[in-house]
Amino acid sequence: MKHLTPQQLTQLEAALSKRHSELVNDINSELMNSDGSPVAENILEFIEQNDNSIEHLVTQITLEEIRKYVSELRAVERAKARIHDTSFGLCNDCSQEITFERLNDTPTAIRCASCLHSLSPTNKTV
Ligand SMILES: [Zn+2]
């Protein structure tokens, strides 16, 4: 991370903290129905009825979204933990420096732009 100035690191750390609280809020709101009741009640209801109602479908979609949020949340937490490490800002694949522009755009990035582009489209992660 020698290519990043302390100011840039502070900026990235702030962006990660902000994203972290956004994700926590998103997850909390995903766990609530639009009427404010907990989604967990739908899940319990589904388990009791054990039918393939539309509720099942809704629950699946919600769980899929929560899974997405949680995996991003983990990435944010990993980035926050690594930010003062010497490995922060270095590409996982080629060990080249990830530009500040890219990190500023995606603070959880673990690959440089050229390694990201060389990944197959089905396999694309940050
Ligand atoms: Zn790379």
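Student: Let's jump in at T62. What does T62 touch, not counting residues up to four places away in sequence?
Tutor: This is a predicted model, and in it T62 touches E30 and V39, leaving aside residues up to four places away in sequence.

Student: Where is T62 found?
Tutor: T62 sits in helix α3, which covers residues 54-82.

Student: And why does T62 count as partly exposed?
Tutor: Because T62 has 17 C-beta neighbours inside 10 Å. A residue needs 20 or more to be buried, and 12 or fewer to be exposed, so T62 falls in between.

Student: How far apart are T62 and I27?
Tutor: They're 35 residues apart in sequence, and 9.7 Å apart in space, going C-alpha to C-alpha.

Student: OK, zooming out. How many helices and strands are there in the protein chain?
Tutor: There are 5 helices and 0 strands. Reading along the sequence, you get α-α-α-α-α.

Student: What share of the protein chain counts as buried?
Tutor: It's 12% of the 126 residues.

Student: Which residues make up the largest nonpolar core?
Tutor: That core has 7 residues: L12, L90, I98, L103, A109, I110 and C112.

Student: Let's pick L12, then. Which residues does L12 touch, not counting those up to four places away in sequence?
Tutor: L12 touches I83, L103, N104 and P107. L103 is also one of the residues in that largest nonpolar core.

Student: Last one: among contacts between residues at least 6 apart in sequence, what share join residues at least 24 apart?
Tutor: For the protein chain, that's 50%.

Technical notes:
Residues are numbered from 1 along each chain as its sequence is written. This is a predicted model: local features need pLDDT of at least 70, side-chain atom pairs count only at pLDDT 80 or more; totals for chains, interfaces and linings use all residues. Helices (H or I, at least four residues) and strands (E, at least two) are DSSP runs, numbered from the N terminus. Two residues are in contact if their C-beta atoms, placed from the backbone, lie within 7 Å. A nonpolar core is a set of buried Ala, Val, Leu, Ile, Met, Phe, Trp, Tyr and Cys residues joined through C-beta atoms within 7 Å.
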